[in-house]
Amino acid sequence: KAPANITIDPLRIVAKELKFLNKNIRQLLGSGHPILDTVAKYYTQSEGKHVRPLLVLLMSRAIAAAPKRTRRDTLIPDSRAIDTPMSPPKVLYDANPDQAGHTPITGPSYETDYSFPNDGSILPSQRRLAEITELIHTASLLHDDVIDHSTLRRSEPSANILFGNKMAVLAGDFLLGRASVALARLRDPEVTELLATVIANLIEGEFMQLKNTALDEKEPRWSEENVSYYLQKTYLKSASLISKSCRAAALLAHSAPEVVDAAYAYGRNLGLAFQLVDDMLDYTISGSELGKPAGADLELGLATAPLLFAWKERPELGRLVGRKFIEPGDVDEARSIVLQTDGLEQTRALAQEYADKAVSAISSFPPGEAKDGLEEMCIKLMKRRR
Ligand code: FPP
Ligand code: MG
Ligand code: MG
């Protein structure tokens with residue numbers, strides 16, 4: 001355990017692996033069509049936080065020395081069932097055939113990047129998984145900015161503004177295609193199934209947000225059901241990718257089932273906390289600091305956690321919720337009511353609960369800087385301002 005006065009920097013722990021992340025992602029995204037190439041790579045130019053790959057890499061390192069699964073743990077019954085750890089999976093390094101003849105690969109080859117020396121604890125397949133999570137996330141952002149009519153992403157014009165809706169949607173689809181190819185090449189059916197489910201979950205979550213059937217009334221009344229709908233939507237939209245990719249990192253390492261479950265529980269709780277903080281920042285932080293317009297959720301007609309908590313105390317919010325804050329002055333009125341209640345405080349408290357659960361999920365992991373890094377992520381996420 002690091003002494004309390006020494007600050008742990010999760011980014012530093014996996015810096016070597018993160019260094020090549022963007023370059024490898026850009027190679028996965030090469031297209032012979034110059035404009036598709038540009039649009040697909042557009043969000044890899046801006047400074048993303050790389051939260052998902054960072055978590056996958058930290059998780060991979062943290063579980064490297066944790067118990068491995070045994071033949072007895074595998075689904076396929078094995079007559080020679082003995083408690084010997086299985087060898088790590090083989091990863092195929094061959095380049096994407098689609099790139100051959102289209103985009104010349106300049107500089108060090110794909111294979112060279114992966115032979116970059118590391119201490120052996122992060123598998124090439126786990127690094128690739130980190131890249132896949134960022135690809136899926138970026139695909140969802142390309143589509144999200146179309147759906148949300150966004151103008152700004154990471155303080156730059158969003159892709160839909162620069163290239164138009166059609167190209168932004170197609171580029172997002174292209175990213176998903178390339179992510180799927182990379183996923184298939186991991187040759188791990190369970191990991192493929194997990195990440196394919198994530199893609200479906202993202203769409204289900206976005207759909208739940210777009211068509212909130214729990215609020216399908218003119219003047220809905222507050223109910224516990226609204227909160228569970230919101231949490232379910234939040235899991236699908238935000239926590240699914242984080243939790244299932246943490247789980248996949250453990251599967252790729254052939255971790256024991258309890259380690260796989262712990263990795264998932266960590267990701268699930270951290271993912272929920274992460275989105276709750278996001279929903280809080282939408283009320284509390286200025287647009288210039290966020291790098292995207294603030295107060296966007298109410299403008300989009302969305303009732304997130306701070307408003308749901310406020311609504312319990314202030315039933316008059318139901319009228320505004322029912323018409324999705326569409327009338328002039330609705331957004332300001334809803335906002336000021338939320339700020340008069342302890343809706344933001346309750347949101348923070350719930351996020352803290354999930355962050356604490358994430359920390360306790362990994363309590364049995366072997367001590368080390370990667371485990372410290374995963375714990376630090378939970379502290380950092382509560383303090384973040386963008
Ligand atoms: C950002 O949310 C968006 C997401 C976390 C996921 C959105 C999912 C889709 C658009 C479904 C399509 C998915 C794929 C994989 C193509 P936000 O709008 O609350 O955050 P923001 O402020 O960053 O825009
Ligand atoms: Mg958005
Ligand atoms: Mg959105």
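This is a predicted model: local features need pLDDT of at least 70, side-chain atom pairs count only at pLDDT 80 or more; totals for chains, interfaces and linings use all residues.
The residues of the shell around ligand 1 divide into four nonpolar, two polar and six charged.

Student: Glad to start with the ligand! Which helix gives the most to the shell around ligand 1?

Tutor: The shell includes Ser-140, His-143, Asp-144 and Ile-147. Two helices, spanning 124-147 and 189-210, each supply at least two residues of the shell. The one that gives the most, with four residues, is H7.

Student: Which residue has a polar side-chain atom that lies 2.8 Å from an oxygen atom of ligand 1, besides the aspartates?

Tutor: Let's set the aspartates aside first. An N or O atom in the side chain of Asp-144 is 2.8 Å from a ligand 1 oxygen, and for Asp-148 the distance is 2.7 Å. The remaining residue, with a polar side-chain atom at 2.8 Å from a ligand oxygen, is Lys-237.

Student: And how much of the area that ligand 1 exposes when taken alone does the protein bury?

Tutor: Start from the ligand by itself, which exposes 640 Å². Of that area, the part buried by the protein is 89%.

Student: How far apart are the magnesium ion (ligand 2) and the magnesium ion (ligand 3)?

Tutor: The protein donors of the magnesium ion (ligand 3) are Asp-144 (OD) and Asp-148 (OD), at 2.1 to 2.3 Å from this ion. Asp-144 bridges ligand 3 and ligand 2. The distance between the two ions is 3.2 Å.

Student: Let's move to the backbone. Is His-50 buried or exposed?

Tutor: His-50 sits in the loop between helix H4 (34-45) and helix H5 (51-63), and its phi is near 55°, a positive value in a residue other than glycine. Most residues other than glycine have a negative phi. The cut-off for burial is under 20% relative accessible area. Because its relative accessibility is 16%, His-50 counts as buried.

Student: What is the relative accessible area of Phe-325?

Tutor: Phe-325 is found in the loop between helix H16 (317-322) and helix H17 (330-340). Its phi is near 55°, again a positive value in a residue other than glycine. Phe-325 is buried, and its relative accessible area is 4%.

Student: Stepping back to the whole chain, what share of its residues count as buried?

Tutor: The protein chain has 19 helices and two strands. It is built from 386 residues. The share of them that count as buried is 52%.

Notes
Residues are numbered from 1 along each chain as its sequence is written. Chains are lettered from A and ligands numbered from 1 in the order in which they are written. Side-chain values use heavy atoms; hydrogens and water are left out. A residue is near a molecule or strand if one of its heavy atoms lies within 4 Å of it. A polar contact is a pair of N or O atoms within 3.5 Å; within protein, one must be able to donate a hydrogen and the other to accept it, and residues adjacent in sequence count only if both atoms are side-chain atoms. Accessible areas come from the Shrake-Rupley method with a 1.4 Å probe; for residues, only the protein chains shown count as cover. Ala, Val, Leu, Ile, Met, Phe, Trp, Tyr, Cys and Pro count as nonpolar, Asp, Glu, Lys and Arg as charged, and the others, Gly among them, as polar. Buried means under 20% relative accessible area, exposed over 50%, partly exposed in between (1.4 Å probe, protein chains only). Donors are N, O and S atoms within 2.8 Å of the metal (3.2 Å for Na, K and Ca); water is not among the atoms, so sites may look incomplete.
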